[in-house]
Amino acid sequence: MLERISIDLTNYCSKECDFCYNKSSKNGITEWKPEEVTSFLKDCAKHGVKAISIGGGEPFEYKGIYKLISKLMPHVFVSVTTNGMPLTIYDNFVKLTKNKPDKIHITIHDPANETEVNRTIEMLFFFGNIGIKTGANVLVSADKIAETKKLTELLFKYKYLPEQIIYVPRKFTKIPTPQQVAEAALNKTFQSASCLLDCKINERFCSISWDKQVGWCSYGEGKTKLGDLTYQGLMQSLGKIKFKTCKK
């Protein structure tokens with residue numbers, strides 16, 4: 001039974017990381033309208049979906065994100081994954097305090113970037129202090145294992161717990177091995193993508209992209225267009241997928 005949905009609202013992102021699986025950029029496109037996202041996800045919640053993870057592109061650069069969070073919160077667990085940059089703007093901070101999701105994940109793309117690391121740690125503590133659960137998503141790149149280990153040590157130093165950190169293996173280029181991901185986590189118990197060891201369908205989870213394509217994960221090939229913007233339409237679309245791994 002489907003329990004969790006990851007949805008990308010846009011592939012617009014002003015950070016423009018060259019490794020982004022969505023190829024998000026300042027030229028990105030937004031097809032989802034706030035009212036149709038709200039109606040669709042509320043219908044999914046009525047049919048048993050327990051958690052919605054909102055991403056992008058950069059979700060806090062999506063017009064209508066704060067109202068969307070507020071409208072979904074009474075119906076389903078809401079988490080948002082962000083690079084954190086839009087939340088350095090004071091007005092966005094204020095809007096967030098009035099429209100708080102259940103959880104915010106902030107992604108650290110470059111563990112060697114001191115500015116990015118310090119900004120993220122400050123935000124994690126700020127959000128925690130206003131009652132939002134937090135998570136640090138750490139991108140693990142094969143060429144920066146030593147730097148990622150130092151980041152892990154820093155997060156531990158600031159009393160950030162292992163269960164609050166998700167290690168995200170970089171895809172397509174500079175892909176780390178499972179052993180390298182474990183090394184980056186200081187060989188302690190850690191969280192990572194379920195496909196780290198075995199790429200297969202998880203029938204409790206699906207991914208919906210910025211262009212309304214449905215897949216069993218964000219990276220895998222064989223996605224299909226979402227039909228009706230309802231839970232039934234989603235399930236019908238999932239049934240049409242011929243899943244292909246992203247591993248070459």
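Me: Leaving aside neighbours within four places in sequence, which residues is I7 in contact with?
Reply: The model is a predicted one. I7 is among the residues that touch the most other members of the largest nonpolar core, which has 57 residues. In soluble globular proteins, nonpolar side chains tend to be buried together. Leaving aside neighbours within four places in sequence, the contacts of I7 are W32, V37, L41, I52, S53, I54, G55 and I208.

Me: Is T152 buried or exposed?
Reply: T152 is found in helix α5, residues 145-157. Its relative accessibility is 1%. Buried means under 20%, so T152 counts as buried.

Me: Which backbone oxygen does the side chain of T152 reach?
Reply: Beyond four places in sequence, T152 is in contact with Y167, A184, A185 and L186. With Y167, the link is a polar contact of 2.9 Å between the two side chains. The side chain of T152 also reaches a backbone oxygen at 2.7 Å, that of A184.

Me: How many residues apart are K144 and D110, which form a salt bridge?
Reply: The closest N and O atoms of K144 and D110 are 3.0 Å apart. K144 is in the loop between β5 and α5, while D110 is in the loop between β4 and α4. The pair links distant parts of the chain, and the separation is 34 residues.

Me: Which residue meets K149 in a salt bridge?
Reply: Side chains of opposite charge can pair when their charged atoms come close. K149 counts as partly exposed, at 27% relative accessibility. Its salt bridge has an N to O distance of 3.8 Å, and the partner is in helix α6. That partner is E183.

Note on methods. Residues numbered from 1 in each chain as written. Predicted model: local features only at pLDDT ≥ 70, side-chain atom pairs only at ≥ 80, totals over all residues. Heavy atoms only, no water. Core = buried A, V, L, I, M, F, W, Y, C linked by side-chain atoms within 4.5 Å. Buried < 20%, exposed > 50% of the residue type's maximum accessible area, 1.4 Å probe, protein only. Contact = heavy atoms within 4.5 Å. Helix = DSSP H or I, 4+ residues; strand = E, 2+ residues; numbered from the N terminus. Polar contact = N/O pair within 3.5 Å; in protein donor to acceptor, adjacent residues only side chain to side chain. Salt bridge = Lys/Arg side-chain N within 4 Å of Asp/Glu carboxyl O.
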